[in-house]
Amino acid sequence: MIKKITSFYTALLAVEVIENPNEIKKKYNRSRWSVFMAATIGYSLFYVCRLSLSVVKKPIVDSGILSDSEIGMIGSALFFAYAIGKLTNGFLADRSNIRRFMSTGLLLTALINLALGFITSFTAFAILWGFSGWFQSMGAAPSVVALSRWFSNKERGTYYGIWSASHGLGKAITFILVAFIVSISGWQWGFWGAGLLGLVGAIIVALFLYDSPESKGLPSIADYKNDHAPISVKGKSVGALQKEVLKNPYIWILALASALMYVSRYGIESWGIYYLEAQKGYTTLEASSIVSVSAISGIVGTIISGIISDKFFNGSRNVPVLIAGILNVTAISLFLFYPDGYPWVDTASMLIFGFAIGILITFLGGLMAVDIASKKASGAALGLIGIASYIGAGIQDTISGFLIGDNHTITNGVDAYDFSTVKIFWLGAAILSLILALLVWNAKAKD
């Protein structure tokens, strides 16, 4: 049984290379487009299944089903499972059939979302949401491995940046479409709607994401584009290259910087709607609409980030990260500390936040580490960044839930919130992330 499962998910072997150059070009172009679109659409729907809880937190608390702290712990269950899964599944993705691997993860997280619409028990909720986190971790690494297998060093930043728009696309679908469905049909449809969309994504990935050029009779991308990195890793095994990732101090610095960035990111993405409802008196749909603009600007940020770094900074990501880090700190400060009663300021801050986070997710959240590591170990590099990032996100959700819950009082049936402590927590993480990101400037890429 185990052998059959292992065989099913093992990367496909190389087949005899096609000899006709015109046929190679035609097949490469068609396959690359298919892979890129499947990875981008598929991962955006992973995000919808992950963020479904964010739009139903307040309705669930208001209904008395769960408390603030319980919601925080449930959110952490996903993040901690996702963190561990990002590392292990990152290493597995380097050796896997990425089409089967990724479609399985999306299918299972979609099914869990469908089930959660029927659940009201805290224990059952936490267990299922935790399992969903594990299956969520089967999305990013296969996507990045696909980009590494099908796109060369000189173009990877551009395509990685556009693929990273899937984060923003997933947020937009969740905070606009799913939130609208919840506003008219109840919190259960936050999960049912996300689950149905996830099923569609699993089908797309299963049909259109291809494993590797070599498995389709094509030369490797480095040979096809004649784009070999300055540091050669020929003759080294995948395992040896993955060990090098674990020994690289630059990648560990990036991991910590990304972890802190994820604290600030998910502080806003997971609790921003709740904050606007509880602190500033917006309705669920109004709060979701304000936060949703960050998804639109996030798409812009991710798309232009790779293009700018490839075209204007010769593949260097450092200057864009510095600018984005400053913008992130500025946006969070406006969102959290500007006086209440100014919807245009809240909206503007979310536009800036989304743009900045889009760039930071692209670079700090993966590409800078993938640049440093060998393409044969890109999944491991992303896995290490991922486990750190989502440990940070998980710690954030637990701490945020308790800080918000401990400062939530009810007097004569009226809710009162004090967000002052949690606001410092979110902003401080953004500042520390920016400082750490400045320490990584001179690392070299590998083949």
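**Aromatic pairs and charge–ring contacts**

A search of the whole structure, a predicted model, finds 24 aromatic pairs. Rings of Phe, Tyr and Trp (its six-membered ring) pair if their centres lie within 6.5 Å; planes under 30 degrees apart are stacked, over 60 edge-to-face, and the rest tilted. The rings of Phe 36 and Phe 151 are edge-to-face, because their centres are 6.3 Å apart and their planes stand at 75°. Phe 36 belongs to helix α2 (residues 21-51) and Phe 151 to the loop between α7 (140-150) and α8 (153-163), so the pair ties together parts 115 residues apart in sequence. Helices are DSSP runs (H or I, at least four residues), numbered from the N terminus. Phe 36 counts as buried at 6% relative accessibility. Phe 151 is also buried, at 1%. Buried denotes under 20% relative accessible area (1.4 Å probe, protein chains only).

The rings of Phe 125 and Phe 191 are likewise edge-to-face, with centres 5.6 Å apart and planes at 65°. This pair links distant parts of the chain: Phe 125 lies in helix α6 (residues 122-136) and Phe 191 in helix α10 (residues 188-208), 66 residues apart. Both residues, Phe 125 and Phe 191, are buried.

One aromatic cluster is formed by Phe 79, Tyr 82, Tyr 262, Tyr 266 and Tyr 390.

Charges also sit over rings (NZ of Lys or CZ of Arg within 6 Å of the ring centre and within 35 degrees of the ring normal). The charged end of Arg 100 is 4.3 Å from the ring centre of Phe 8. Lys 280 lies over the face of Phe 335, 6.0 Å from the ring centre.

Residues are numbered from 1 along each chain as its sequence is written, and side-chain values use heavy atoms, without hydrogens and water. Local features need pLDDT of at least 70 and side-chain atom pairs count only at pLDDT 80 or more, whereas totals for chains, interfaces and linings use all residues.

Conventions: Helices (H or I, at least four residues) and strands (E, at least two) are DSSP runs, numbered from the N terminus. Buried means under 20% relative accessible area, exposed over 50%, partly exposed in between (1.4 Å probe, protein chains only).
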